Amino acid sequence: MEGLQGNLEALYSPGEVASQLNIQRQTVTKYARIFETEGFVFHKDEKGNRAYTDTNISMFRRVTDAKSKPGITLETAIKGVIPMYKKDSITPGVTELSAENEHYKEVTNEKLDILMQALAEQQKLILEQNKKIDSLQEQLNEHSLDVKDRDIKLLEHIREHQKGRKEEMLLIAQNEVAAAKQEEQKKAFSLVYLENRTNPKAVFFLSTKQKELKDNH
């Protein structure tokens with residue numbers, strides 16, 4: 001099996017990859033273009049011609065296998081393969097930091113959506129309870145019960161408790177979202193720092209960004 005020797009892995013031309021996978025050369029190029037829209041960077045020579053590693057070939061083989069199943073489109077197959085190779089195939093450094101931050105932003109937004117949905121449901125429940133309380137208070141007034149003062153105080157206590165509960169839940173939600181976002185950002189910076197600790201420019205960039213995040217918090 002021929003291949004141009006790179007720094008770490010052998011490099012193969014599109015024709016060699018097509019031969020190994022038993023597909024058309026144009027199909028290899030099509031795969032590569034779709035992967036590039038997802039952030040993948042392939043080896044290219046001075047003329048801009050792509051060359052592929054054994055890892056890339058394995059990646060394309062999985063796409064071909066997945067696409068052969070009924071109901072699976074090429075785009076769906078590629079999206080299913082991406083998580084298996086994303087870490088090794090996307091260019092590291094600041095590009096990876098941006099991708100990681102986007103991921104953590106999505107996770108944080110999902111958590112916030114869940115918390116806000118829970119708050120909305122709690123608010124709905126509180127409104128329903130208030131209606132019942134108002135109805136009970138009207139009944140108390142209509143029947144002029146001797147225990148009117150006691151029940152009114154009880155109703156006021158319940159309302160105060162509900163109000164405090166609502167504020168407590170909102171504060172908890174805000175704190176959890178803030179803590180989750182800060183923790184994920186720390187993980188992202190730690191990961192990128194370890195991978196780029198020998199690169200002074202990358203270390204300086206990450207240190208500056210980390211200081212800005214601390215000042216914002």
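1. Some ground rules. The model is predicted, so local features need pLDDT of at least 70 and side-chain atom pairs count only at pLDDT 80 or more, while totals for chains, interfaces and linings use all residues. Residues are numbered from 1 along each chain as its sequence is written, and side-chain values use heavy atoms, with hydrogens and water left out.

2. Salt bridges overall. The structure holds four of them, a salt bridge being a side-chain nitrogen of Lys or Arg within 4 Å of a carboxyl oxygen of Asp or Glu. Helices (H or I, at least four residues) and strands (E, at least two) are DSSP runs, numbered from the N terminus.

3. Glu-36 and Arg-50. Their closest N and O atoms are 3.0 Å apart. The pair links distant parts of the chain, with Glu-36 in helix H2 (residues 25–37) and Arg-50 in strand S4 (residues 50–51), 14 residues apart. Arg-50 is buried at 19% relative accessible area, and Glu-36 is partly exposed at 25%; buried means under 20%, exposed over 50%, and partly exposed in between (1.4 Å probe, protein chains only). Lys-44 joins in too: Glu-36, Lys-44 and Arg-50 are linked in a network of salt bridges.

4. Glu-38 and Lys-79. These side chains meet at 3.2 Å, N to O. Glu-38 sits in the loop between H2 and strand S3 (43–44) and Lys-79 in helix H4 (residues 74–89), so the bridge ties together parts that are 41 residues apart in sequence. Lys-79 counts as exposed at 51% relative accessibility, whereas Glu-38 is partly exposed at 32%.

5. Arg-159 and Asp-134. This salt bridge has an N to O distance of 2.2 Å.

6. Glu-16, without a partner. Glu-16 lies in helix H1 (residues 14–21). It is buried yet has no salt bridge, and the nearest side chain of opposite charge, Arg-25, is 9.7 Å away (Lys and Arg count as positive, Asp and Glu as negative; His and the chain ends are not counted). What does the side chain of Glu-16 reach at 2.9 Å? The backbone nitrogen of Ser-13.

7. Helix H3. The buried residues of H3 are Asn-56, Ile-57, Met-59, Phe-60 and Val-63. They cover an arc of only 160° around the axis, so they sit on the same side of H3; the arc is that of the directions from the helix axis to the C-beta atoms.

Terms used. A polar contact is a pair of N or O atoms within 3.5 Å; within protein, one must be able to donate a hydrogen and the other to accept it, and residues adjacent in sequence count only if both atoms are side-chain atoms.
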